[in-house]
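Please consult the sequence and the structure shown here alongside the text.

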Amino acid sequence: MKAPVLLSLAVAVVCGVAVTAQAQAAKSNLVAAGHDFALQVCAPCHVVANDQKSAPMLNPPAPSFSAIAQSNDLSEATLRKFLSTLHRNIGRDGKMPNWLLADFQIDEIVAYLLSLKDGQGSSKF
Ligand code: HEC
């Protein structure tokens, strides 16, 4: 009688591990997609990554993504709000354009920016 219980326990454990691994893979895909998207769209004004090929054109540049990520008031909620609403009144002269990003793009950018919180910086320029 014990074997089926043990077996279903084992199945549950294995499934749990698989689900966690899947969630982690999905998360790192989001981070990678956010990194690539930021290099294409945000890099003209922000230093977004260590592998950014050229310095931002905007002079002086907007805050680097690593600086943004280290900021104490940064959270997933504040980032999502910033990226999904009109924010002409935020920051100096409202210079950050409103991107009207799609939800999936916001998910990617948020995942990428939050992944920079641990200090792997983008301080190249
Ligand atoms: C045309 C230049 C420009 C581009 C392109 C740009 N930004 Fe910005 N961004 C700015 C400026 C200037 C600021 C600082 C002023 C402000 O907060 O509005 C800023 C601020 C920010 C902030 C807030 C920083 C803080 O201190 O709270 C975030 C987050 C941000 N940008 C994300 C992005 C993302 C993500 C992209 C790409 C989708 C992007 N930016 C593209 C110019 C730009």
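**Overall fold**

The protein chain has four helices and zero strands, where helices (H or I, at least four residues) and strands (E, at least two) are DSSP runs, numbered from the N terminus. This is a predicted model, in which local features need pLDDT of at least 70 and side-chain atom pairs count only at pLDDT 80 or more, while totals for chains, interfaces and linings use all residues. Residues are numbered from 1 along each chain as its sequence is written.

- Along the sequence the pattern of the protein chain reads α-α-α-α.
- The protein chain has 125 residues, of which 18% count as buried; a residue is buried if 20 or more other C-beta atoms lie within 10 Å of its own, exposed if 12 or fewer, and partly exposed in between, with C-beta atoms placed from the backbone.
- Of the contacts between residues at least 6 apart in sequence, 56% join residues at least 24 apart; two residues are in contact if their C-beta atoms, placed from the backbone, lie within 7 Å.

**Packing of α3 and α4**

- Helix α3 (residues 76-84) packs with α4 at an angle of about 135 degrees, and their axes are 10 Å apart; axes are lines fitted to C-alpha atoms, for helices over the stretch in contact, and angles run from 0 to 180 degrees between N-to-C directions.
- The two helices are therefore oblique to each other, since angles under 35 degrees count as roughly parallel, over 145 as roughly antiparallel, 65 to 115 as roughly perpendicular and the rest as oblique.
- On the α3 side the contact is made by E76, L79, R80, L83 and S84, and on the α4 side by I106, I109, V110, L113 and L114.

**Nonpolar core**

- The largest nonpolar core has 14 residues, and A38, V48, F65, I109, Y112 and L113 touch the most other members; such a core is a set of buried Ala, Val, Leu, Ile, Met, Phe, Trp, Tyr and Cys residues joined through C-beta atoms within 7 Å.
- Two or more residues of this core are given by each of α2 (65-70) and α4.
- Helix α4 supplies the largest share of this core, five residues.

**Individual sites**

- N59 and P60 are joined by a cis peptide bond with omega of about -5 degrees.
- P60 lies in the loop between α1 (2-41) and α2.
- K117 is placed in the segment after α4 (103-115).
- K117 counts as partly exposed because it has 14 C-beta neighbours inside 10 Å.
- K117 and A69 are 48 residues apart in sequence, yet 4.9 Å apart in space, C-alpha to C-alpha.
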